[in-house]
Amino acid sequence: MTETVSYRLDGQVGMITGAANGIGRDLALGLAEAGADVVIADLPTQAAAAEETAAGARAHGRRALVVPTDVTQVATIEAAVAGAVREFGRLDFLVNNAGINIRKPILEYTEAEWDTLVAVNLKGVFFCTQIAARQMAAQGGGRIVSMASQLAVVALHDRSIYAITKAAVAHMAKTFALELGPQRVRVNAVGPTFVSTPMTTSMFTSQAFIDQNLPRIPSGRFGTTTDVLGAVRFLLSPAADLINGQLLLVDGGYTIW
């Protein structure tokens, strides 16, 4: 008899980093709509916006908790996970969404800019994954999805360090999946194309950027936060139970050239 495939997240508890704004906010709201209780993890300076995200999740009938979190500081990650477990009793999934970009020519980056990008995009993802996975392994399993990028597999001018960190995030999914598979912790990554968010507004108001990049997308359009949500929700759902250590590109075909 064929089993029923479910894309619902009813009864699950999940943490989303960088969820006060942009893609992270829409992920938190979309995952709440799918039935999950959500933990909104973002910087203390984003507290007001994080509370707005939490209120939106509650409007879907779900519970929501805001935990101040700086992903570059391991102690705050540990406190966030502990707070989530204290409030909800468990942590079923994590979405590593927090990330930053500094766009400039490769010969002009400074050491400080390298350190900043690596601290948020790579160190932060590693330790959020590690700390959340410890809890998941102890409770019998869980799912982790990390936000990579189409630039994990192709290069683009003026985004070299960002692309390097996102390639590392994609490979990180493989390494965690390999070691944690036996504990029923599934780890995957999602690689979106260009998506309009507060962090990328300047790109989408540049006709030169549009003219350069839109023709490279066979699907004929840039991405939306809804596109990203669809991939993340799928990977977190029971329907993706046998998908592990993968990078799911949501790029409209940008990387097929």
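Let's start with Glu52, which counts as partly exposed because its relative accessibility is 47% (buried means under 20% relative accessible area, exposed over 50%, and partly exposed in between, with a 1.4 Å probe and protein chains only). This is a predicted model, in which local features need pLDDT of at least 70 and side-chain atom pairs count only at pLDDT 80 or more, while totals for chains, interfaces and linings use all residues. Residues are numbered from 1 along each chain as its sequence is written, and side-chain values use heavy atoms, with hydrogens and water left out.

Glu52 forms a salt bridge with Arg25, with 3.5 Å between the closest N and O atoms (a side-chain nitrogen of Lys or Arg within 4 Å of a carboxyl oxygen of Asp or Glu). The two partners lie 27 residues apart, Glu52 in helix α2 (residues 47–59) and Arg25 in helix α1 (residues 22–33); helices (H or I, at least four residues) and strands (E, at least two) are DSSP runs numbered from the N terminus. Arg25 is partly exposed too, at 25% relative accessibility.

## Other salt bridges

The whole structure holds 10 salt bridges. One of them joins Glu113 to Lys104, the closest N and O atoms being 3.0 Å apart. Here both ends are buried: Glu113 has a relative accessible area of 17%, and Lys104 has 19%.

Asp92 sits in the loop between α3 (74–88) and β4 (93–96) and is buried, with a relative accessible area of 10%. Beyond its neighbours within four places in sequence, Asp92 is in contact (heavy atoms within 4.5 Å) with residues including Gln12, Met136 and Arg143.

On a 1 Å grid over the protein atoms alone, a pocket is an open set of points where a 1.4 Å probe fits, with protein on both sides within 12 Å along at least five of seven lines, and lining residues have an atom within 4 Å of a point.

## The largest pocket

Of the 38 residues lining the largest pocket, Asn97, Ala98, Gly99, Ile100 and Met199 are the closest to its centre. Helix α1 gives the largest share of this lining, three residues.
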